[in-house]
Amino acid sequence: MRAVPTRRRVPWPPSLTRLTAAAIVAGLSVALTIAAAVAGGVLGRPADPGPGEGGTAPQAYGQAAGGDTAAAIGRLQRHLRAQPRDAESWTTLGLAYVERARTTADPSYYPKSAAALKRALAVRPGDNDGAHAGLAALAAARHDFGTALSEADASLAVNPYGQSALAVRIDALVELGRYPEAMAAAKHADAVRPGTPVFTRLAYVNELYGRTGEARRILTLAASSATGPADQAYVHDQLGELAWNGGDLAAAGREFGLALRHDPGHLPAADGRARVEAARGRTARALAGHARVVAALPLPQYLTGYGELLEARGRTADARRQYAVAGSWSTLARASGVATDLETALFEADHGDAATAVAAARAEWGRRHSVHVADALGWALHASGRDAEALPYARKALATGYRNASFRYHLGMIEKSLGKRSAARRDLASALGLDPYFSPLHAPKARAALSALGGAS
């Protein structure tokens, strides 16, 4: 990993969310692309410079997340009514709509984004790398990772140094389950356009391979080179997630706290801090923290996490209300062109109808073979009582070496159902050893299952 020159400023990086609800990776992963475009002009030439040139707009995400996207959209709409042949402004408007969807949890902005970005290509169909990068970001937000990859490639064919396209290309390969290619893409991006967005992706691909020490090293270096509060908040949040996934509450709490010190409005870190509080037994603080997060951004992974903590504390009616809001979001998202099968599969396997979970997981597996989809399909099959079918998928989910307590728990429970007692003891103990706090609902079930198998819980 190369150090970032201090004169190269990168905006807030995309979020490769570590999927506490395992669903919205790329829906949040386009934040860099959009925020940079809204605050500093369209990506691509000339606003997305190659090596040795200046960077994109400083504090871009802070401006966008502060509510400026609504004002920016209004200004762009007025400008385009007067100048409808301005391809760059159409691109910026398209990206502003995606950013607005991200910061408001309102996916109805995605069709508007698609229309604006297609208009940008119609006005300038040739070397319009910015519009292709925008379409890649939009496709990733909609979980259409095949299109995200092809649009990123189209952008990079025009501008090989476009940081947004390089970043979304890594995201798409990760989400498609093409991990060797994702690693190669991350190393290439680090060589040609190093920066916080690339560093965090390189760290995540290493984590997926089980190389948590290397992931931590990269993120630590990223924190030392990041400039501006939003960059710092993002990197420390990722360090917090890495610590959380390893069961290190002290480090996770410290990193989430650092993220919030840099940016008090950084909601992923606020959610992480609430999870740490719950693990420490500070339930009232945890519930209050989760409530603040979902009030600000009612996305399914936050709503489900909040609901599961409520359910674990016996507040089932309150939990169901959170789950209902998550379901409403998924309905709206599907109507706006978002593929929600992974979210549906995981939610239904734990809280709804097993047959629906299996159908959704199979549909997603038909599109992509990532470890998260393999885990979801295995768990959905287990929920429907089809454990012999579930077992190969649960094993695939861990085949890269990914150290994920939830995945290991799922495998252990499937093995237990199949009468594979020794394997089940091993994997349930491994899940709890890796992260004894991985879920307020399922960690206690893992301990109970391990105890029933005669293992130490």
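The buried residues of helix H9 pack against helix H8 (163-175), helix H10 (196-208) and helix H20 (371-383). Here, buried means under 20% relative accessible area, with exposed over 50% and partly exposed in between (1.4 Å probe, protein chains only). Helices (H or I, at least four residues) are DSSP runs, numbered from the N terminus. The model is predicted: local features need pLDDT of at least 70, side-chain atom pairs count only at pLDDT 80 or more, and totals for chains, interfaces and linings use all residues. Residues are numbered from 1 along each chain as its sequence is written, and side-chain values use heavy atoms, with hydrogens and water left out.

H9 covers residues 179-192. Its 14 residues should span 20 Å at 1.5 Å a residue, and the end C-alpha atoms are 20 Å apart, which agrees. The expected span is 1.5 Å times one less than the number of residues. Buried positions in H9 include Tyr 179, Met 183, Asp 190 and Val 192.

H20, one of the partners of H9, is mostly covered, with 12 of its 13 residues buried. Among them are His 372, Asp 375, Trp 379 and His 382. The 13 residues of H20 should span 18 Å, and its end C-alpha atoms are 18 Å apart, in agreement. His 382 has a relative accessible area of 18%, so this residue counts as buried. Beyond its neighbours within four places in sequence, His 382 is in contact with Asp 387, Ala 390, Met 413, Ile 414 and Ser 417. Contact means heavy atoms within 4.5 Å. Just after H20, Gly 385 takes a positive phi of about 80°.

H10 also packs with helix H12 (residues 229-245), at an angle of about 10° and with axes 11 Å apart. Axes are lines fitted to C-alpha atoms, for helices over the stretch in contact, and angles run from 0 to 180 degrees between N-to-C directions. H10 is therefore roughly parallel to H12. Angles under 35 degrees count as roughly parallel, over 145 as roughly antiparallel, 65 to 115 as roughly perpendicular and the rest as oblique. Thr 196, Thr 200 and Glu 207 of H10 meet Asp 231, Tyr 234, Val 235, Leu 242 and Asn 245 of H12.

Helix H16 (residues 300-312) and helix H17 (residues 316-335) pack at about 165°, with their axes 8 Å apart. This makes H16 roughly antiparallel to H17. Contributors to the contact include Pro 300 and Tyr 306 of H16, and Tyr 323 and Trp 329 of H17.

Note on methods: Helix = DSSP H or I, 4+ residues; strand = E, 2+ residues; numbered from the N terminus.
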